[in-house]
Amino acid sequence: SLQTRSFGICVQGPPPAACTPSVAISASSSTICQGQSVTFTATPTNGGTTPSYQWKVGTTNVGTNSPTYTATALSNGNVVSVVMTSNASCAAILNATSNAITMSVTSPTTPAFTQIAAICPGGSFTLPLTSTNGVTGTWSPAANNTATTTYTFTPAAGQCASTASMTVQVNTNVTPTFTQIPAICTGGSFTLPTTSTNGVTGTWSPAVNNTATTTYTFTPTQGQCASIMTMTVAVNSNTTPTFTQIGAICSGSSFTLPTTSNNGIIGTWNPAINNTATTTYTFTPAAGQCALNATMTVAVNNATTPAFSQIGAICSGGSFTLPTVSNNGINGTWSPAANNSVTTTYTFIPATGQCATTTTMTVTVNSNVTPTFNQIPSICQGGSLTLPTTSNNGVTGTWSPAINNTATTTYVFTPNAGQCAVFTTMTVSVTNGVTPTFMQIGSICQGGSFTLPTTSNNGVTGIWSPALNNNVTTTYTFTPSAGQCATTTTMTVNVNNNTTPTFTQVGSICQGSSFSLPTTSNNGITGTWSPALNNNATTTYTFTPSAGQCATTATMTVNVNNNTTPTFTQVGSICQGSSFSLPTTSNNGITGTWSPALNNNATTTYTFTPIAGQCATTATMTVTANNNTTPIFTPVGSICQGSTFTLPTTSNNGITGIWSPAVNNNATTTYTFTPNTGQCATTTMMTINVNVVNAVTTVQGSTITASATGATYQWINCATNQPISGATGASFTPVTNGSYAVIVSQNGCSKTSDCVLITNLSRDTFEKNSWKIYPNPAITYLIVELEDASEVKVFDITGKIVITQSLKSGTNTIDVSGLSGGVYIIQTAAGAHSKFVKR
């Protein structure tokens with residue numbers, strides 16, 4: 001805390017005489033070579049015990065608070081001076097400016113040399129001791145023909161020349177690198193590149209072999225720093241995929257075809273699964289496997305309809321049995337239970353586990369009926385008669401005894417089983433008569449002509465029935481004309497059916513393929529075909545049987561399919577290393593395989609070979625593999641911490657993309673550029689250096705010290721935000737309480753520290769004859785405390801009155817903000833006076 005003390009001082013003699021500070025500087029040399037070090041030395045006069053110095057090059061402050069200043073970066077015409085601030089108590093003016101020294105700086109010559117070409121390890125070279133522009137000197141380190149080395153040329157003394165450097169490249173023996181050729185299938189094709197991925201040319205041995213795994217040796221062409229290299233190309237045998245057979249299914253049931261064979265081959269099946277018909281499926285291995293196609297037939301059993309022999313009608317109360325196994329082997333049960341009193345429809349339900357449907361059977365239960373017939377008139381002996389097997393009221397049955405056309409007979413009608421009918425009888429009278437006789441008609445071919453005579457060989461006339469039929473074998477009945485006691489007679493005329501020749505259909509052929517038509521049918525008919533065979537167009541051929549055979553003509557159409565060219569949707573260009581696939585089925589349905597194996601590292605033309613059994617030609621497709629581009633960017637220069645910068649989203653060579661991580665202007669960061677999709681480009685990186693200025697300060701007592709080293713400093717008063725003249729050192733000790741900060745500059749960046757509050761300085765108070773003045777030095781105001789009111793005057797160092805002010809008893813304030821910096825005298829009306837300094 002501030003305490004007030006009163007005391008008296010007796011001053012004897014006149015006040016000390018004022019003095020004028022001055023300073024002179026000298027240079028170790030004022031004529032130098034650019035970059036040469038020069039030291040300036042200040043010699044002060046009336047500088048006091050610890051004068052301070054501010055060196056300047058032109059108007060720019062340089063150096064530190066020191067009587068010497070050493071520079072290494074002066075330019076021709078630079079003017080060097082120093083401003084000294086004296087702390088001598090007699091100093092009337094505190095600051096003094098020295099004489100100026102103008103520097104003569106000669107730019108050094110840069111030695112120029114012809115670049116020495118790169119050598120292989122162990123090769124020889126010589127570094128010249130005189131540059132092409134005449135500078136002599138020496139090189140270091142010593143020549144090294146085993147490793148790439150940067151050599152420094154140091155000019156001999158006495159030449160205004162700079163150092164120079166040259167890097168002599170010693171190329172290591174490069175190991176040629178190649179993209180490994182993937183394994184091929186036996187018989188596949190591949191090419192060994194004559195230039196490695198790192199640019200070495202040469203030849204391979206032995207010759208390419210696509211039937212066995214082989215190790216090939218690459219021998220570089222002479223004149224390259226490269227070693228030999230080997231590559232083994234694996235040749236894999238073709239495998240036949242094997243599968244566990246899928247058992248037969250019922251129509252409509254589900255099943256799955258495995259996409260991986262028992263021996264590990266993956267692929268696809270076609271056609272699509274069909275659970276309604278037996279189908280043969282083809283397995284096509286996926287590309288990149290040495291494997292053949294395979295087939296599997298999945299049997300689909302149709303749902304069988306159980307078949308039963310119909311149970312005949314029964315009479316009411318009769319018995320019957322419904323079979324539990326159908327005629328076609330389906331077992332099951334019937335519902336409802338058997339009923340012998342009424343006609344009923346029964347449903348058969350197959351037992352589970354059989355591919356079968358339900359079926360029905362109706363069992364008729366009939367009432368008992370008496371058969372009725374029309375009476376048959378008398379016949380001539382030998383005449384024909386027919387006893388109807390169905391009564392007028394629909395009862396079927398048989399007559400006994402057998403028909404007798406030679407004697408009158410009573411016949412008994414016995415109804416067939418399963419009809420509810422009773423026996424009945426009929427008597428047929430027989431009169432003796434003549435039997436007509438005829439010559440037998442020979443067999444004819446279907447459609448041939450013949451005639452039946454209307455008078456028998458023994459003179460009986462009559463008619464035949466039915467009408468003549470030359471299409472089927474028919475038994476004709478001769479009915480004598482009325483009035484003749486003659487019996488009917490019959491004659492059968494055999495009509496041989498015209499056989500239709502049958503042939504196994506000749507399958508469709510591809511245009512230009514050969515085929516033949518058989519001259520004997522499957523059912524033994526011989527003959528010829530017309531027109532002549534044509535293997536270029538679909539044609540219908542007619543088979544004409546040879547004469548003497550009862551046979552018709554027949555036709556057969558042989559389909560000739562045009563050869564189809566498979567069409568495919570073009571696979572777009574890919575980036576090197578990207579994946580793609582070639583379809584195994586063309587747009588127009590042709591299946592097949594591609595060769596060579598897929599290569600995503602080079603543009604390749606692939607050949608599609610259709611699978612056998614299709615009328616199709618080969619086709620080709622070229623898939624372009626574009627090289628990946630490395631994005632190029634102009635490097636972003638170093639920034640100061642907190643400054644803004646932008647990373648371009650489009651590279652110099654037109655690649656667009658994004659950077660990560662997010663922009664950080666507080667720390668040096670390496671950013672990765674990821675190209676947008678759809679561009680053949682790689683990632684790249686850029687490091688942005690962020691120069692961080694350390695503006696941390698420490699306080700020891702009343703001294704504030706900046707933590708940063710190797711920087712420049714300017715201390716400021718936080719109250720006014722103005723620089724403090726001459727306060728350019730790393731440490732600063734204020735003379736009055738207040739808030740202070742430092743501006744630290746380093747690597748082209750500046751940062752202001754936090755303000756530090758200094759409160760531990762006592763007031764510099766001058767007390768005289770019970771009056772006192774403070775602070776001293778003063779900046780804006782001077783405080784004067786008086787016991788008695790008085791007029792005071794302020795004199796400058798020349799004795800000129802600059803302020804006159806009447807003061808009251810007690811504490812007063814004098815505004816000195818308008819005074820220039822320097823030493824002033826304040827004097828009361830009673831003659832008391834004191835010196836104070838205005839800053």
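In this predicted model, Pro336 sits in the loop that runs between strand E25 (332–335) and strand E26 (344–350). Pro777 belongs to the loop between strand E63 (771–774) and strand E64 (781–786). Most peptide bonds are trans, and most residues other than glycine have a negative phi.

Backbone phi was examined next. Asn46 is not a glycine, yet its phi is positive, near 55°. Asn46 is placed in the loop between strand E3 (38–45) and strand E4 (52–57). Its relative accessible area is 34%, so Asn46 is classed as partly exposed. Asn721 likewise has a positive phi without being a glycine, at about 60°. The loop between strand E56 (712–717) and strand E57 (722–723) holds Asn721. Asn721 counts as exposed because its relative accessible area is 56%, and the cut-off for exposed is over 50%.

Thr539 lies in strand E41, which covers residues 539–545. Its relative accessibility is 13%, so Thr539 is buried; the limit for that class is under 20%. The side chain of Thr539 makes a polar contact with the backbone oxygen of Ala537, at 3.0 Å. Leaving aside residues up to four places away in sequence, Thr539 touches Pro531, Asn534, Met556, Thr557 and Val558.

Open space in the model was also examined. Rolling a probe the size of a water molecule over the atoms shows where empty space is left. The second largest pocket holds about 890 Å³ of space. Its lining is made up of 33 residues. Nearest the centre of this pocket are Cys185, Gln289, Thr593, Trp594 and Ser595. E45 contributes the most, with four residues. By residue class, the lining of the second largest pocket comprises 17 nonpolar and 16 polar residues. No charged residue is part of that lining.

Notes
Residues numbered from 1 in each chain as written. Predicted model: local features only at pLDDT ≥ 70, side-chain atom pairs only at ≥ 80, totals over all residues. Heavy atoms only, no water. 1 Å grid on protein atoms, 1.4 Å probe; cavity = no way out; pocket = protein on both sides within 12 Å on 5 of 7 lines; lining within 4 Å. Points joined across faces, edges and corners; volume = space filled by probe spheres on them. Helix = DSSP H or I, 4+ residues; strand = E, 2+ residues; numbered from the N terminus. Nonpolar A, V, L, I, M, F, W, Y, C, P; charged D, E, K, R; others polar. Buried < 20%, exposed > 50% of the residue type's maximum accessible area, 1.4 Å probe, protein only. Polar contact = N/O pair within 3.5 Å; in protein donor to acceptor, adjacent residues only side chain to side chain. Contact = heavy atoms within 4.5 Å.
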